[in-house]
Amino acid sequence: MAPGAPSSSPSPILAVLLFSSLVLSPAQAIVVYTDREVHGAVGSRVTLHCSFWSSEWVSDDISFTWRYQPEGGRDAISIFHYAKGQPYIDEVGTFKERIQWVGDPRWKDGSIVIHNLDYSDNGTFTCDVKNPPDIVGKTSQVTLYVFEKVPTRYGVVLGAVIGGVLGVVLLALLLFYLVRYCWLRRQAALQRRLSAMEKGKLHKTGKDTKRGRQRVWPRVPWSTGRGSWMRRSSH
């Protein structure tokens, strides 16, 4: 390159924009949602909910895959697959006759039901969704706990207690404002009654004063009246 010629390397601003477009602005990815954990009793059934969000319309090639990893195990096995509008239950494992498809791709729902629960079902279930061309994204996991009798969850009890306390507080506030409203209304009625009574007294007093003024005759001084009489007599 000749001395004094301008540099042909890209400007720092162009490099920053290129880096932002390639690294800082990744493509939209599919997002899968499940419960964090579910509880079930031995012999009962449980629903494993799975839904998703995608930047694309629901494709005819959408697929759902459920995998199961036993409690304490390392490997996950496929137990259910939905593709081309049809559910497929894997013929391997203990779930092959106990899984029921209850999802609906039109509502972005890929839920399944597991019947006749047993202690051996404890473990982690993973839901994976592909909605071509949106096929990149993370899976979601839900942990199943099977009990002889489903215990009452601490969060439910705490929520019920908090709800009860809030209900009592709201009821107390409602009663307070109701009593205050009735008291203010009664005070306003008494004030109107007193004002009416005061107006009535003032009106009556005005009438009595007017009548008293009409009955009073003007007094004529005796000397003036006598002089006039004497003058009339002399004539």
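Is R67 buried, partly exposed or exposed? At 31% relative accessibility, R67 counts as partly exposed. The model is predicted. It holds five salt bridges. A nonpolar surface patch is also present.

**The R67–D128 pair**
- The side chains of R67 and D128 form a salt bridge, with an N to O distance of 4.0 Å.
- R67 sits in strand β5 (residues 63-70) and D128 in strand β10 (residues 123-130), so this bridge ties together parts that are 61 residues apart in sequence.

**The D121–R98 pair**
- D121 and R98 meet through their side chains in a salt bridge of 2.8 Å, N to O.
- D121 belongs to the loop between β9 (112-114) and β10, and R98 to the loop between β7 (86-89) and β8 (99-101), so the contact links parts that are 23 residues apart in sequence.
- Both D121 and R98 are buried.

**The D104–R106 pair**
- D104 bridges to R106, with the closest N and O atoms 3.1 Å apart.
- R106 has 68% relative accessibility, so it counts as exposed, the cut-off being over 50%.

**The nonpolar patch**
- V165, V169, L170, L173, F176 and Y177 make up a nonpolar patch on the surface.
- Together these residues have about 610 Å² of accessible area.
- F176, one of the patch residues, lies in helix α2 (residues 154-215).
- F176 counts as partly exposed, because its relative accessibility is 49%.

Methods:
Residues numbered from 1 in each chain as written. Predicted model: local features only at pLDDT ≥ 70, side-chain atom pairs only at ≥ 80, totals over all residues. Heavy atoms only, no water. Patch = residues over 30% accessible without salt bridge, like charges linked within 9 Å, V, L, I, M, F, W, Y side chains within 5 Å. Areas by Shrake-Rupley, 256 points an atom, 1.4 Å probe, with all protein chains shown as cover. Helix = DSSP H or I, 4+ residues; strand = E, 2+ residues; numbered from the N terminus. Buried < 20%, exposed > 50% of the residue type's maximum accessible area, 1.4 Å probe, protein only.
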